[in-house]
Amino acid sequence: MTPLAGCLLVSALLFSVGLAGALTRRSAILVLAGIELMLNAANLNFIAFWRFGAHPEFLTGLIFVIFSIAVAAAEAAVGLALILAIYRHARTSDVSEITEMKG
Amino acid sequence: MMRPESMSWIVRNLWLIPALPMAAAAVSALLKRSERRLSAGLAIGSMGISLVLSLMAFAEALADPARRVVTFNWMQFGDQWVQLGWLLDPLAAVMLVMVSFVGLLIFIYSLGYMAHDDNFTRFFCFMSLFAGAMLGVVIANSLLLLFMCWEVVGLTSYLLIGFWFHRPAAAAAAKKAFITTRVGDLGLLIGMVWLYGQTGTLLFYNSGAGCLERTAVAGMEAHLTVAGMAVSTAIGLLIFCGAAGKSGQVPLHVWLPDAMEGPTPVSALIHAATMVAAGVYLVARVYPLMSGSALEVVAWVGAITAIFAACIAVAQNDIKRILAYSTVSQLGYMMLGLGVGGVAVGMFHLITHAFFKALLFLGAGSVIHGCTEDQDIRNMGGLRRFMPVTFAAYACGMLALCGFPLFAGFWSKDAILHAAHGWGVSQGPFYLGAVGALLTAFYMTRQMYYVFLGQRRLAEATVSPAAVAAHEIPAEQIEPVVSARTGEVCIIEHPHESPAVTTQPLVVLAVFAVLLGFVGTPAWPWFQSFLAGESAGLDFGRFGEAGLLPLMAVSSLIVFAGLGLGWWFYGRKPILHATDPDALEKIQPGVFHALANRLYVDELYGVTVIALTRFCAGFAAWLDRWIFGGAVRIVAWMVTGVGWLDAGVDRFVVNGGFDEGCRDVARGGRLLSHFQNGRVQNYLRVIAVALVVLAAILLWGRRG
Amino acid sequence: MISPGAVDQVFVTLKDWIVFHTPAPLQTLVSIVIEVATIIVVFAALFALATVFERKGLGRMQNRYGPNRVGPFGVFQPIADAVKSLTKEDVVPRAADHVVHYLAPLVLVGVVFLTYAVLPVGRNMTAVNLDAGVLYFFAVGAATELAIFMAGWSSHNKYSLLGAMRAIAQMVSYEIPLILSSVAVIMIAGTLSTVKIVELQARYSNGLAHWYVFTPWGLAGFILFMIAATAETNRSPFDLPEGESEIISGYFIEYSGFKFALFFLAEYLEMFAVSGLGITLFLGGWSSPVSFLAWIPSWLWFFGKLLALLFAFIWVRGTVPRLRMDQLMNFAWKFMLPMTLVTILSAGIWHFLTVAVVGPKPLGGVIRWLVCALVIFVPYITLARVLERGRRIEKRVYRFAE
Amino acid sequence: MTLPFLILAIMTLAGGVAAMTMRRLVHCALALVVSFAGLSALYLNLGAEFAGLAQLLVYVGAIAILIVFAILLTRGGEGEPEGAFSPAGIVGAVVALAVFAVLAWAVETSGVARAGVTVAAPQITMREIGFALMQRYVLPLEVIALMLTAAMIGAVILALREKRNDSAGDSGAAQKQGLRA
């Protein structure tokens, strides 16, 4: 197996783990954590393709990951603030109980 | 393009003119509400400097009327640089001076007018932003930059119309203005994109490579598109859409009268003098794009707007609304002038109109202020006695607007009518314009009689004795009378003249309303030749041009006829009570009501455009709920249980019958809607399964 | 006669000699082990020394002797302390989360030691010359917050949890001015490598070193950096997370024996590390301030500066009273953050005020200095006045006492 | 495939699995940190120094702390541990497995598993990254800056919004207590 394929497989596994968490866990925070894991798996792919791609000197994958990390920070901040707001409102952070848009 | 170093200081630093008011707006946006003096000082100071700079630019253009442009790289998209820039030519110079001068006067006027408003700081912030954006529109040498400033102008217009947003009418008017102008701007945007697609640049002038220069325009004229139209014509018409929206041309005029919900200085600045003129200016700016058939459209739209709005103005009772319709009508004249006579004709009317309409609006503001915020002309009357300065200034503005001989409006309107008369395509616009002039004189006379002349009709505002005792109201403004209704003695407050800070701008503007026309008379067409980059000499012989003097005589006659008609209806017998029906209403109640209801355009839009939008929204909602939502449900169903489908099919087969089947399907749908249960993870699961299915299909397909 | 250069490089030479005499396959490993071991030993010893130093220093400031029983002048006190903490019973609360409780001090100490990897303690004496050294320092340092959270949460004690929350909030808030004040240096130096930053400062003109602290933005940045560093290491007057009068001992309240000693060690190590970074960024690292003192070995300069900063820490602790939580947060967000942004602005102006703009050297340099100082000073005065204006000293109201 | 890569990959995955399966939320968060740290080490191993350190700084230094705070503020730290295994959980796991199978299949069929050649790690200096960010990618950078500002404001507003009501409720309760006293 080539290093690229190894990276891709690790990333696929990480993605699936994150997805499994996001699908099964009831705590909204853990769902968010699962999504973060999926995002990280995607980042790993970018890094791997950049590293083993044809033109690493163009930095495209690397820069993409840097931006992606910045976006993830924003996403986590807003997501967690949302969870807090919902928790204050509904007194729970269990996603299977938060099913109403009205409140 | 000249090298920047070789240009004079003012050309290189032309950007300062819009930048200063914008900077003032930015600073006063950060100020606290209590910093009233500072924010007003910033706004007026920056506007004053802008005026000085504008005058310098004007002098520069006078000295050398050649067009000078400065471009700079703005932003890189991939390999291409988007360029922006500014330009100085006589057209821009004239507009600069007009906008900054009128703006400055209105700022000073607002000091008095808004003095008691809580949000004084915010007001000046918005006004400065508006002025900056408007000046940006004027100097832009790139359709993109113009469009950006244009949208800022639209935004501030929205903010200012809705300045008193706690009044539902103001909020609704702001929304209406914003949405209506957006309709036009959509056309402008499409035109802009198309223009970029055709020429690859949005710079107007760029030493031969700009989109308004010969090579680009010739290329676009040679290229035909739908219905045999040249591309340049199509683009010109699209850009005209934007101009029509902003300048309130039929059929997008509906927002302008409603916009009078804003504070009066706003009405004056935005909706009379500058912003609405932006549309006219835009058409003048992209004039090279406007080939014959596009100009025909412009002329016809202008003529129809002129007469249409003038008709409606006849039957309005709100002092500002009359002026608003008058503005729409005059904007129609400007468009007509652009369409039939060229840039100079339209722009001349734009400039003169800016001054006398600002004057009229500010006068109306003064009247409203004096009458304790009442805007209904039926409740006024006889104000000449109480507000002499306002009356005199207002009369000047009114005569200028009517086109009374030798006043500013006379020369500019006459130039338009003359051009329309000589138009080769059709005589229709000329007659429409002439009738419009008659109506203009008529409704303005009506307004004068209602507001200033005759006798006082207001159920006068009573004031409490305590306020009198506390000397809150000057003694000369109050008068004890016996109330006709109750028989008691009460103290009434007279309308009062506004403070000097309000009347001084009026006087200045009045001087301009009288005299400004003389820069563009046929004998000395200085303005027209300045725009064309030539010099003009005084030559009374030009009056001898064929048909000119007779036409002037005819138009004067029309004005006198309008004034006479007005006197006949409203001046002969004084109007005694506020509740009396209008003189016109007595003769033709049906027509009057139709006009008073603005010819039902809003209602027409209500049952057509808005209803259509509602219907579309409803349809989309239906589509979303039933078609797309149904699709989602079906997918969910496929995933989670084929069993239900089986059961449904079973029952369908066993029970037979089409009706039964239908009922089952309905029941199945209801059942499926349980899967639309708001649980995020269900949705996520469906997405994941869809991903698996899609990827599997792709991979399977590629396998061979 | 031994040349100054040889003395300067004596440790480097020694390491090279040892590595040279080991079998080839093991050379990399041995080199790493030597570096790591040196760092651990030297800084742990410095920790021991610093405890005595601090206790005696504080004692002198409070008109008493401090420890003076073990050894001459009490210098062997740390050994006694070490023996005591090693032999004490290690109490773990029953409700605690045992694994996390056990891991927290280890993670903390480990992470802090990791940051030393990029500190240049002398010429050619940097464990890892990373291209992104400063970034590495902050990235690894960020993990200490997590260790503190682990300690606070796993103890299952509300005081420790409160202490941990306070500590994290404080560290997150002060991390921003800490990093931003370094950004000015990074901008001017044009590199993130600690080694290169020091080399850039180790140049001399007119006998004076090019330390960044000699520039107006560097001086302001250094002061801001050290304030933020004090808060970042939870030192007095920012020691709210362990404010005895409120939450007893904060996040390590449930730790005893050697684990407690590890927390203690970590706190001092953090202080050394962040001081070391401050020295590297602003005080010219191992370089001497004036060229005629350059013969003194570089590592002596570094540790001399470190001890001086340590003394400053002790002095501040003995002088300034503890802040309140709201004062702490207001200070970070309303004062530190704007001021660090101003220093960055000033550094940018410094960069563009080249000789071509301000004129030739002696006068131009002074103008440049004054302009940049003004850029910092005016916002400082304005900000201070604005912050003072809203404050009214009122009668204290005890909300919960009535 | 080198040994460090394997170790780091296992560390990352183990952290991820632990984060998604442990019962106490705080443990999950800590396991998540292990996963993030492993990933950042993987980046470093792949020669992406800046991305790795940024990952460490942002994920371990900020996002993990945020998550921990959120857990404590929603009382997840002391509440009853939730059960991870349920029918829905098994379905979710199966779906995730299917996703992995498809992804692995894609990797397998795409040819990178066999054809790729190992190239030397590119030598990228911080300076080049800085220039790339400030020149070619300056527009995205500005957009990101704007977006971060917006996100910050949004998060603050979201987190603050109902606080006023809460404090109003508190003062109401205090008033009631005062009345009772």
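In helix H2 of chain D, Leu25(D), Val26(D), Ala29(D), Leu32(D), Val33(D), Phe36(D), Ala37(D), Leu39(D), Ser40(D), Ala41(D), Tyr43(D) and Leu44(D) meet Glu49(D), Ala51(D), Gly52(D), Gln55(D), Leu56(D), Tyr59(D), Val60(D), Ala64(D), Ile67(D), Val68(D) and Ile71(D) of H3(D). Two residues are in contact if their C-beta atoms, placed from the backbone, lie within 7 Å. The residues of this contact of H2(D) with H3(D) divide into 19 nonpolar, three polar and one charged. Here Ala, Val, Leu, Ile, Met, Phe, Trp, Tyr, Cys and Pro count as nonpolar, Asp, Glu, Lys and Arg as charged, and the others, Gly among them, as polar.

The model is predicted: local features need pLDDT of at least 70 and side-chain atom pairs count only at pLDDT 80 or more, whereas totals for chains, interfaces and linings use all residues. Residues are numbered from 1 along each chain as its sequence is written, and chains are lettered from A and ligands numbered from 1 in the order in which they are written.

H2(D) spans residues 25-45 and H3(D) residues 49-73; they pack at an angle of about 175°, with their axes 8 Å apart. Axes are lines fitted to C-alpha atoms, for helices over the stretch in contact, and angles run from 0 to 180 degrees between N-to-C directions.

Chain D as a whole has eight helices and zero strands. Helices (H or I, at least four residues) and strands (E, at least two) are DSSP runs, numbered from the N terminus. Of the 181 residues of chain D, 38% count as buried. A residue is buried if 20 or more other C-beta atoms lie within 10 Å of its own, exposed if 12 or fewer, and partly exposed in between, with C-beta atoms placed from the backbone. Among contacts in chain D between residues at least 6 apart in sequence, 54% join residues at least 24 apart.

Chain A has three helices and zero strands, and buried residues make up 59% of its 103 residues. Among its contacts between residues at least 6 apart in sequence, 48% join residues at least 24 apart. In the loop between H2 and H3 of chain A lies Leu59(A). Its phi is near 65°, a positive value in a residue other than glycine. Leu59(A) is buried, with 22 other C-beta atoms within 10 Å.

The two chains just described also touch. Chain A contributes 62 residues and chain D 71 residues to their contact. Helices H1 (3-24), H2 (28-52) and H3 (60-90) of chain A each supply at least two residues of the side that touches chain D, and H3(A) gives the most, with 22 residues. That side of chain A divides into 45 nonpolar, 11 polar and six charged residues.

Helix H8 (residues 158-189) and helix H10 (residues 216-232) of chain C pack at an angle of about 155°, with their axes 8 Å apart. H8(C) and H10(C) are therefore roughly antiparallel to each other. The residues of their contact divide into 12 nonpolar, four polar and two charged. With 17 C-beta neighbours inside 10 Å, His156(C) counts as partly exposed.

Elsewhere in chain C, Ser275(C) lies in helix H12 (residues 257-281). Ser275(C) counts as buried, with 25 C-beta neighbours inside 10 Å. Not counting residues up to four places away in sequence, Ser275(C) touches Ala229(C), Leu306(C), Leu309(C) and Leu310(C).

The largest nonpolar core has 219 residues, and among those with the most contacts inside it are Leu96(B), Phe355(B) and Ala513(B). A nonpolar core is a set of buried Ala, Val, Leu, Ile, Met, Phe, Trp, Tyr and Cys residues joined through C-beta atoms within 7 Å. Leaving aside neighbours within four places in sequence, Ala513(B) is in contact with residues including Phe355(B), Leu359(B), Cys396(B) and Phe407(B). A second, separate core of 207 residues includes Val134(C), Phe238(C), Met20(D) and Ala93(D).

Definitions and conventions
Parallel < 35°, antiparallel > 145°, perpendicular 65-115°, else oblique.
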